[in-house]
Amino acid sequence: MDFKDYQKRYYRTNPNYLAVYLVNKMDFHSVLDLGCGSGNETIYFLKKGKEVIAVDKDLNEEYFYTRVKKEDNLVLNRCAFEDFDFPKVDAVLSTFSLSFCRPDKFDEVWNKIEKCLPHRGILAGNLFGEKDSFSQLENVNVFTKDEVLELLSNYEIVKFNEKEYDQEASGKHRHYYDFVAVNR
């Protein structure tokens, strides 16, 4: 399935629960949707009155604007994380995308995220665990629980969950860590 087919398939899905959690439980005005994909979370944030910067290396602006009108509080960036110039924002959301950052650039990207957040800035996302089916791929970052907690050591952890299950539709094994954390 190419990315355009992926976008069409997930066009009408609900936003990721971490985006909903951020809106309902956390206080922020601007958000960086890192790895925005088909834009479900970006559009959700816009509808909730947030300023959004959406980044994805496969971003399709034309497709995006079939779902939302051009707005002053939306900035779209077609760019790999490794090449992105991270602006200052109140929150960063990265759902199922940071693990796909080039492994040799992951630490650099993680540090850029930390620097773009102010004191009490919010980081939410997920990282693949070592038992996920994606761990078999060469260019995917996978982590142990201790490694994820170490990455979050400069943050106050608000929410942290480890999830593991078999995904029947795809035949894949899923193992990942969800987190919401506040910059200290």
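**Helix packing and aromatic pairs**

Phe-106 and Trp-110 both sit in helix α5 (residues 106–116), four residues apart, about one turn of the helix. Helices are DSSP runs (H or I, at least four residues), numbered from the N terminus. The model is predicted: local features need pLDDT of at least 70, side-chain atom pairs count only at pLDDT 80 or more, and totals for chains, interfaces and linings use all residues. Residues are numbered from 1 along each chain as its sequence is written, and side-chain values use heavy atoms, with hydrogens and water left out.

**Helices α2 and α3**

- Helix α2 (residues 17–25) packs with helix α3 (residues 40–47) at about 20°, their axes 10 Å apart.
- That makes α2 roughly parallel to α3 (angles under 35 degrees count as such).
- From α2, Ala-19, Val-20, Leu-22, Val-23 and Asn-24 meet Glu-41, Tyr-44 and Phe-45 of α3 (contact means heavy atoms within 4.5 Å).

**Aromatic pairs**

- Rings of Phe, Tyr and Trp (its six-membered ring) pair if their centres lie within 6.5 Å; planes under 30 degrees apart count as stacked, over 60 as edge-to-face and the rest as tilted.
- By this rule there are 13 aromatic pairs.
- Tyr-44 and Phe-45 have ring centres 6.2 Å apart and planes at 50°, so the pair is tilted.
- The ring centres of Phe-106 and Trp-110 are 5.8 Å apart and the planes are at 25°, so this pair is stacked.
- Ring pairs join Phe-96, Phe-100, Phe-128, Phe-134, Tyr-165 and Tyr-176 into a cluster.

**Burial**

- Tyr-44 is buried at 15% relative accessible area (buried means under 20%, with a 1.4 Å probe and protein chains only).
- Phe-45 is buried at 0%.
- Phe-106 is buried at 3%, and Trp-110 is buried at 4%.

How values were computed
Axes are lines fitted to C-alpha atoms, for helices over the stretch in contact, and angles run from 0 to 180 degrees between N-to-C directions. Helices (H or I, at least four residues) and strands (E, at least two) are DSSP runs, numbered from the N terminus. Angles under 35 degrees count as roughly parallel, over 145 as roughly antiparallel, 65 to 115 as roughly perpendicular and the rest as oblique. Buried means under 20% relative accessible area, exposed over 50%, partly exposed in between (1.4 Å probe, protein chains only).
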